[in-house]
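Thank you all for coming; please have a look at the sequence and the structure before I go on. I will then go through a few local features one after another.

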Amino acid sequence: MSLKQPEQKSGHIVLPGERLGVIEEFIPDSGTYVQDSVIYSKIVGHTLMDLLNKRVSVYPLVNSPITPKTGTIVLGQVGNAQTDNALVRIFKVGNKKISGVFGGIIHISDVSDRYITSMNEVCKTGDIIRAKVLSEKNQVFHLATQDRNLGVLYAFCSRCSTLTNLDRYDLRCPKCGNIEKRKIAIDYGTELL
């Protein structure tokens, strides 16, 4: 008489390749795979044995990847500033760097409370910007910089590409003396990247 191998129970931590059950008893769900009618864990995680629906799944033990979400503050680099919008490559969510590449767009109507005629008054290509995520449509994050703590954190001279310094309300290039206009964040130049 052979003893049956004990099956996993809900909440147990499993490693990839650990046996969870057989397809005659359960329907394999997320985080699992089947080999020779046996259900195994595909990932490191917690098991969930849904006895009512006869499903077995494994939920990741590690936190899900960091992605921008509506309402979060992000940092990004302006890739292209046009007349009425700017494209942004997001590289930080909150204070955490992200490994993927996310694209954002800032429309001129979401920049400032005052009237703006062109996005060139707000940001230029290469600038580092802090913005708030308004929404996500078609995997593009719609951003805004209307609050005082949002806007350009680091700007580069449009003549010689040198990092500009804050001089009262304007940005001055220390190399060529060019004066730049941007919608700057209240803490311009202090954010650690």
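This is a predicted model: local features need pLDDT of at least 70, side-chain atom pairs count only at pLDDT 80 or more; totals for chains, interfaces and linings use all residues.

Let me start with Cys176, which is partly exposed, with a relative accessible area of 36%, where buried means under 20% relative accessible area, exposed means over 50%, and partly exposed is in between, computed with a 1.4 Å probe on protein chains only. The sulfur of Cys176 has its closest cysteine sulfur in Cys157, at 3.6 Å, and this is too far for a bond, because a disulfide is taken as a pair of cysteine sulfur atoms within 2.5 Å. By that rule the count of disulfides is zero. Cys123 is likewise in no disulfide, the nearest cysteine sulfur being that of Cys157, 16 Å away, and Cys123 is buried, with a relative accessible area of 0%.

Residues are numbered from 1 along each chain as its sequence is written, and side-chain values use heavy atoms, with hydrogens and water left out.

The strands here are DSSP runs of E with at least two residues, numbered from the N terminus.

How do β10 and β11 each pair with β12? Strand β10 (residues 96-107) runs parallel to strand β12 (residues 140-144), joined by three bridges, and Gly104 has Phe141 as its bridge partner in β12. Strand β11 (residues 128-137), in contrast, runs antiparallel to β12, with five bridges, and there the bridge partner of Ser135 is His142. Pairing, in this account, requires that DSSP finds at least two bridges between two strands. The hairpin of β11 and β12 has two residues between the strands, and in this hairpin Asn138 takes a positive phi near 55°.

That brings me to the backbone angles, since most residues other than glycine have a negative phi. Asp36 is not a glycine, yet its phi is positive, near 55°; Asp36 lies in the loop between β4 (32-35) and β5 (38-41) and counts as exposed, at 69% relative accessibility. Ser161, also not a glycine, has a positive phi of about 65°, and Ser161 is placed in the loop between β13 (151-154) and β14 (165-167), where it counts as exposed at 56% relative accessibility.

Finally, there is an open sheet of four strands, in the order β1-β6-β7-β3, with mixed pairing. Its edge strands, each pairing on one side only, are β1 (13-14) and β3 (27-28). Strand β1 pairs with β6 (residues 45-50) in the antiparallel sense over two bridges, and within this pair Ile13 has His46 as its bridge partner in β6.
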